[in-house]
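I opened a new page today to work through a protein model. These are my notes, in the order I looked things up.

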Amino acid sequence: MTTAAWDVDCASGVMAARIAADCLRDGPIGAVGLELEAHCYDVEDPARRPGWDELAEAIATVPPLPGGSVITVEPGGAVELSGPPAADVSAAIAALAADREVLRAALAGRGLGLVLLGTDPMRPAQRIHPGPRYRAMEQFFARSGTAGAAMMTSTASVQVNVEAGPREGWADRVRLAHALGPVMIAVAANSPLLGGQFTGWRSTRQRVWGQIDAARCGPVLGRDGDDPGADWARYALRAPVMLVRGTDPDTQAEAATDWVTFADWADGRAALGGRLPTADDLDYHLTTLFPPVRPRRWLEIRYLDSVPDDVWPAVVFTLTTLMDNPVAAATAAEATAPVATEWDLAARVGLADPRLKAAAQRCVAAAAEHAPAQLAEPMERLLRNVSAGRCPADDFSASVLADGIPSALRQLAKGES
């Protein structure tokens, strides 16, 4: 495996080789992990952001989750369910849905509702998580202006984790995960508002991420995508260092104040913390990179907006099937080719673009052919919506126009359609 443009005799070259060797795991396709984020609202007062202590106390009362998900809280108070790997996508969906229902019921008993939207449509950006990592990240992202604050505290997604698969198929698999990005963004777009205003984008969440530096949040895929390990090594070492920890393991990380790439730090061309980086620093740096497809031995697919309960199982099944089923994957590769780089277009107009709509119809139909009985109805609903050129953002926009933002949020927080 190559190490991109680095001399293996220099420090950055050694680190490039380590990144490339460790980023993907050779093995069978099949296991799937899901993560679902939801904005947390006071059901009676959606404009109020529940505080950290209030959320922590509420989560502490949640009974054991049947699917084994872990509950965490994002910087702005969004609540995330992270499910363990399941044998296949159907099992992963069933487990996460069961855990979400238990969590929803427990928080409802305390007057809190979980809303599945890609962005918080009304409340101003505000960090409530007191963790030092998030405090330092907030300082770093301040250079990105309002987009940095919005990304940290006002966005939510559904994340799909799939296996890297056999080594000989890595390049095609990573290329497909990227090529599916625009189509799946259009299908799942569900964030038309931010800060109390319509933004003109179906997926404002994707727009926000696109306004942050591409060296940290842009796609990883290289010029030809033939060597995913080298592409990831190149990306990681050229990305600016976000956080620097002291030599004492108990020392909290501080935000880097200057734009210094990890390669420059490793090779001594720039100083951070008065020292050169260690292997632990490299591992920590990798956790601060947020591309839409991130290799972590498996593939984290991070570009989907959080979407409603009647939508996310079908969206998740579609994306996973297009990645993991060879027949569906072949259809997806062909269907997405004309729009594989249209990330901004997909976020702005969703399925209103004829090419994205056509590709989405082919992709969803290909996935629907493999849907189990329990997902047949959600998949049929998704296919009808795609055929009509509608994404979840259109439904939420209609609700807001009819009833106003607070009322629309209150209905969602109460679990009403």
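In which helix is Met379 found? I looked it up, and Met379 belongs to helix 16, which covers residues 376–387. One caution before I go on: this is a predicted model.

**Entry 1: Met379**

Then I listed what it touches, skipping neighbours within four places in sequence. I found Ala314, Phe317, Thr318, Val364, Ala367, Ala368 and Ala371. I also took one distance: Met379 and Val311 sit 68 residues apart in sequence, and their C-alpha atoms are 8.6 Å apart in space.

**Entry 2: the whole protein**

Next I zoomed out. I counted 18 helices and 11 strands in the protein. The C-alpha trace spans about 60 × 50 × 40 Å along its principal axes.

How many of the 417 residues count as buried? I got 55%. For the accessible surface I wrote down about 16700 Å², with 53% of that belonging to carbon and sulfur atoms.

I looked at contacts too. Taking those between residues at least 6 apart in sequence, 77% join residues at least 24 apart.

Then came the charges. I have 38 positive and 52 negative side chains in my notes, and the centres of the two sets lie 3 Å apart.

**Entry 3: the nonpolar cores**

Which residues touch the most other members of the largest nonpolar core? They are Leu180 and Tyr303, in a core of 100 residues. Helix 6, residues 170–188, gives the most to this core, with 11 residues. Apart from that core I found another one of 19 residues, including Met137, Met151, Ile212 and Cys217.

I went back to Tyr303 and left out residues up to four places away in sequence. Its contacts include Ala177, Leu180, Gly181, Met184 and Ile185. Arg205, Gln206, Pro292, Val293, Leu319 and Trp343 are also touched by Tyr303.

Ala177 was my next stop, and it is found in helix 6. It counts as buried because its relative accessibility is 0%. Leaving out residues up to four places away, Ala177 touches Val293, Ile301, Tyr303 and Met323.

**Entry 4: Ser157**

I found Ser157 in strand 5, residues 157–162. Is Ser157 buried or exposed? It counts as buried, at 8% relative accessibility. Not counting residues up to four places away in sequence, Ser157 touches Glu35, Leu36, Glu37, Arg205, Leu304, Asp305 and Ser306. Arg205 was already on my page, as a contact of Tyr303.

Ile93 has its place in helix 3, residues 89–108. With a relative accessible area of 5%, Ile93 is buried. Beyond its neighbours within four places, I see Ile93 in contact with Leu34, Trp312, Pro313, Val316, Phe317 and Leu375. Phe317 also turned up among the contacts of Met379.

Ala328 sits in helix 13, residues 326–336. I noted 1% relative accessibility, so Ala328 counts as buried. Its contacts, leaving aside neighbours within four places, are Thr321, Leu322, Ala366 and His370. For a distance I picked Val364: 36 residues separate it from Ala328 in sequence, and the C-alpha atoms are 9.3 Å apart.

**Entry 5: Arg297**

Where does Arg297 lie? It is in the loop between strand 10 (293–295) and strand 11 (299–305). Most residues other than glycine have a negative phi. The phi of Arg297, though, is near 80 degrees, which is a positive value. I checked its accessibility as well: Arg297 is partly exposed, with a relative accessible area of 42%.

Note on methods. Residues are numbered from 1 along each chain as its sequence is written. This is a predicted model: local features need pLDDT of at least 70, side-chain atom pairs count only at pLDDT 80 or more; totals for chains, interfaces and linings use all residues. Side-chain values use heavy atoms; hydrogens and water are left out. Helices (H or I, at least four residues) and strands (E, at least two) are DSSP runs, numbered from the N terminus. Buried means under 20% relative accessible area, exposed over 50%, partly exposed in between (1.4 Å probe, protein chains only). Contact means heavy atoms within 4.5 Å. Accessible areas come from the Shrake-Rupley method with a 1.4 Å probe; for residues, only the protein chains shown count as cover. Lys and Arg count as positive and Asp and Glu as negative; His and the chain ends are not counted. The place of a charge is taken as NZ of Lys, CZ of Arg, CG of Asp or CD of Glu. A nonpolar core is a set of buried Ala, Val, Leu, Ile, Met, Phe, Trp, Tyr and Cys residues joined through side-chain atoms within 4.5 Å.
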